[in-house]
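Please read the following briefing alongside the sequence and the coordinates. It takes up the sheet and its helices, then a helix pair, and then a single residue.

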Amino acid sequence: MEVNGAVSIPDTGNSRFLIVSHQTGGIVDLLRFVVSGNKESADKFLQYSDGGVVEHLQRADDSGRGGGGAVPDHRWVIFVSVIVRKLIAIFGKPMEWFGYILEFILNLLSLNGNFFGLFYNILHGKVVMPQRGSETFISAIGHLDGRINLYKSETLNKEIGEPDFWQKNVQLGIHRALMDLCMMASKLAYENAKVVQNVVNIHWKMHFVDFYNCWNDFQKEMSTQVFILCDKPKDANLIVISFRGTEPFDADDWITDFDYSWYEIPKLGKVHMGFLEALGLGSRAKASTFHEQLFMNNLKFTKLENDATIAPSESSESSTTFNDSDGQSVSDQSSDSERLTDTGSKKFKLDIPERTAYYVVRSKLKRLLKEHSNAKFVVTGHSLGGALAILFPTVLVLHEEMNVMERLLGIYTYGQPRVGNRQLGRFMEAHLEHPVPKYFRVVYSNDLVPRLPYDNKTFLFKHFGICQYYNSLYIEQNVDEEPNRNYFGLRFLIPLYLNAWWELIRSLAMGHMYGSEYEECWESVLLRALGLFLPGISEHSPVDYVNSIRLGKKRSAQMSSL
């Protein structure tokens, strides 16, 4: 049944799911499954809630309910998913160490004036050593694009304060300066808390609220990051929630992007299992935990929310704590079993819900909305962060948080992977398209990530919402789906490589074409060169998403007709 426009889910833990595992079974088993559809081999990689994995895949249609006939390419899709994830897992530790060393070297060079400056400082014994976690330590993503200032920030700050700003601009759907703020916030989410606070407060002249390290049930660690800012500390008009995306050297993040596992929420639809785990809303190791986290813990946490507020710890390794006396960061290094939260005269043991991104952010958001009565909020993220950005309000609707959803201004995602099936899309479109569109999914050119997971009749993953697509000339077009939706289309192969060459050549001339602000650093040019071998990877860089927003032009009627 429905309550206040939101779905009330039956109290059942028997929801359907499909888990595609890369950790069990060997290459021989995988080949047997690909060649002959061997059931014993399939069972080593696939776990289906109702049993009969092979039969399910053969009869799956777009709704996942059967009746669609045999699906000829499902084995190939599973093969690619499992192989890619196995390879990523093999190189996981080397990737991690390479990224660790690379970030150290990049920061060492930047802090000492690049190569010649470092050489000079070595000779004079004045080398500045990078300190990871400090306000001067920048991520690899930050080195790809060193821009930190907002596009027309003075105009945005002034307009946000005007009483009719939302009516004049947001009803049109797209506000360029707001989109730029969201993209820059998505890029900034890759940095540590001190860098984020420094940029928000000093460079953007806004108010940094909090930075959270939250529990990721897939990675089994506090690896989901999100921060919150307001346009000003008092009487704020805008609240921004920004989720961190796929980190380039984090194997688990990439494995999540290539994962095709799903969990079905009754009446809502099928949702990507890895993204639910990143929000801390269940674990594939025990599928019933999704129901427990989504429904049972929601009831408990809602009661706890009424008595406490959430504050993050100052240390990136410490846990989230409750503190209803203020909203400042509190350091708490105690173990899970010893960690307590003080809410007046009551004490609660800190359990998993209080450490998950969804529950932590929801509680803080509700407190901010109460504190700033005129404020609206936007949710944003790049890559994996974009997936979490759209799932966060999805679960708000599931939990019938309609008072919160009424204050939603928009969701802006950049290079976001698919998060669920068509049923989920239709359900959320009903909540995000009326009275005006509130969900905008930005895709640049041949970016690989928005074309994952695979979209076909077996795996059900479908995009929804407005797709604001930019080609490699930064020409903007609103489309239902980006071209080459599954990336592997053979007819797009030659254009993919030609476009990669064009982007490499263009990167050398961006400063001359558009001004010094758009001049690409040597790290970005090097990534473009890598794109010659792996087209679609370099297009995922935040550089092109920032450029698309700032340089993007609407496709003319003449161009559309051509």
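**Sheet, helix pair and a buried glutamate**

In this predicted model, helix α11 (residues 193–203) lies across β5 and β6 (221–230), and its direction runs at about 155 degrees to that of β5. Helix α22 (residues 542–551) also packs on the sheet, where it touches β14 (376–382), β15, β16, β17 (466–470) and β19, and its direction makes about 115 degrees with that of β16.

*The sheet*

- The open sheet is formed by 9 strands with mixed pairing, in the order β5-β6-β7-β14-β15-β16-β17-β18-β19.
- Because β5 (207–216) and β19 (553–554) each have a single partner strand, they stand at the edges, and one side of each is left without a neighbour in the sheet.
- Strands β15 (residues 408–414) and β16 (residues 439–444) run parallel and are joined by 4 bridges, and Tyr-412 has Phe-440 in β16 as its bridge partner.

*The pair α4 and α5*

- Helix α4 (residues 74–90) packs against helix α5 (residues 92–111) at an angle of about 55 degrees, with the axes 4 Å apart, and the two helices are therefore oblique to each other.
- In this contact, Ile-88, Ala-89 and Ile-90 of α4 meet Gly-92, Pro-94 and Met-95 of α5, and the residues divide into 5 nonpolar, 1 polar and no charged.

*Glu-503*

- Glu-503 is placed in helix α19 (residues 493–507), and since its relative accessible area is 0%, Glu-503 is buried.
- Apart from neighbours within four places in sequence, Glu-503 is in contact with Tyr-444, Ser-445, Ser-472, Arg-528, Ser-538 and Glu-539.

Key
Residues are numbered from 1 along each chain as its sequence is written. This is a predicted model: local features need pLDDT of at least 70, side-chain atom pairs count only at pLDDT 80 or more; totals for chains, interfaces and linings use all residues. Side-chain values use heavy atoms; hydrogens and water are left out. Buried means under 20% relative accessible area, exposed over 50%, partly exposed in between (1.4 Å probe, protein chains only). Contact means heavy atoms within 4.5 Å. Two strands pair if DSSP finds at least two bridges between them. Axes are lines fitted to C-alpha atoms, for helices over the stretch in contact, and angles run from 0 to 180 degrees between N-to-C directions. Angles under 35 degrees count as roughly parallel, over 145 as roughly antiparallel, 65 to 115 as roughly perpendicular and the rest as oblique. Ala, Val, Leu, Ile, Met, Phe, Trp, Tyr, Cys and Pro count as nonpolar, Asp, Glu, Lys and Arg as charged, and the others, Gly among them, as polar.
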